[in-house]
Amino acid sequence: MAIDGAPAGAPLRVCVAVREGDGEPALVTLRARSDARVHLGCVVDAAGRVHRWVELWVQTVDGLAQTPAG
């Protein structure tokens, strides 16, 4: 699933990997940290071929309440 807003014919697009199953598609999470979630992504060309796998970091504050004060 493209995340960069580029049109379908763009030379390169950044996409996020999704896992399809019984319910809604879900992002493929590589790891969760107290301050971020790390998801699997890739850079694809106009033909849909993967050129490079990337990590997509999404900042979150959900786990910060459990961390020691600085």
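Author: Strands here are DSSP runs of E with at least two residues, and helices are runs of H or I with at least four, both numbered from the N terminus; by that rule Val16 belongs to strand β1, which spans residues 12–16. This is a predicted model, in which local features need pLDDT of at least 70 and side-chain atom pairs count only at pLDDT 80 or more, while totals for chains, interfaces and linings use all residues. Residues are numbered from 1 along each chain as its sequence is written, and side-chain values use heavy atoms, with hydrogens and water left out.

Reader: Which elements does the protein chain have, and in what order do they run?
Author: The protein chain has six strands and zero helices, so that, under the run lengths just given, the order from the N terminus on reads β-β-β-β-β-β.

Reader: What makes Val16 count as buried?
Author: Val16 has 8% relative accessibility, and buried means under 20% relative accessible area, with exposed over 50% and partly exposed in between (1.4 Å probe, protein chains only); Val16 is therefore called buried. Of the 70 residues of the protein chain, 24% count as buried. In space, the C-alpha atom of Val16 is 8.9 Å from that of Val43, although 27 residues separate the two in sequence.

Reader: Which residues does Leu40 touch, and what counts as touching?
Author: A contact means heavy atoms within 4.5 Å, and, leaving out residues up to four places away in sequence, Leu40 touches Val16, Ala17, Val28, Leu30, Trp53, Val54 and Leu56. Between Leu40 and Trp57, which are 17 residues apart in sequence, the C-alpha distance is 9.0 Å.

Reader: Is Arg52 buried or exposed, and how do you know?
Author: Arg52, which lies in strand β6, has a relative accessible area of 59% and is therefore called exposed. Beyond its neighbours within four places in sequence, Arg52 is in contact with Gly41, Cys42 and Val43.

Reader: What makes Gly48 partly exposed, and where does it lie?
Author: Gly48 sits in the loop between β5 (36–45) and β6 (50–59), and its relative accessible area of 44% places Gly48 in the partly exposed class.

Reader: How do you know that the structure holds zero disulfides?
Author: A disulfide is a covalent bond between the sulfur atoms of two cysteines, and the criterion here is a pair of such atoms within 2.5 Å. The sulfur of Cys15 has its closest cysteine sulfur in Cys42, at 5.0 Å, which is too far for a bond; the count of disulfides is therefore zero. Both residues are classed as buried, Cys15 with a relative accessible area of 7% and Cys42 with 8%.

Reader: What does the radius of gyration of the protein chain look like against the globule rule?
Author: The radius is taken over C-alpha atoms, and the rule is 2.2 Å times the number of residues to the power 0.38; a compact globule of 70 residues would come near 11 Å, whereas the protein chain has 15 Å. Along the principal axes, its C-alpha atoms fill a box of roughly 50 × 30 × 20 Å.
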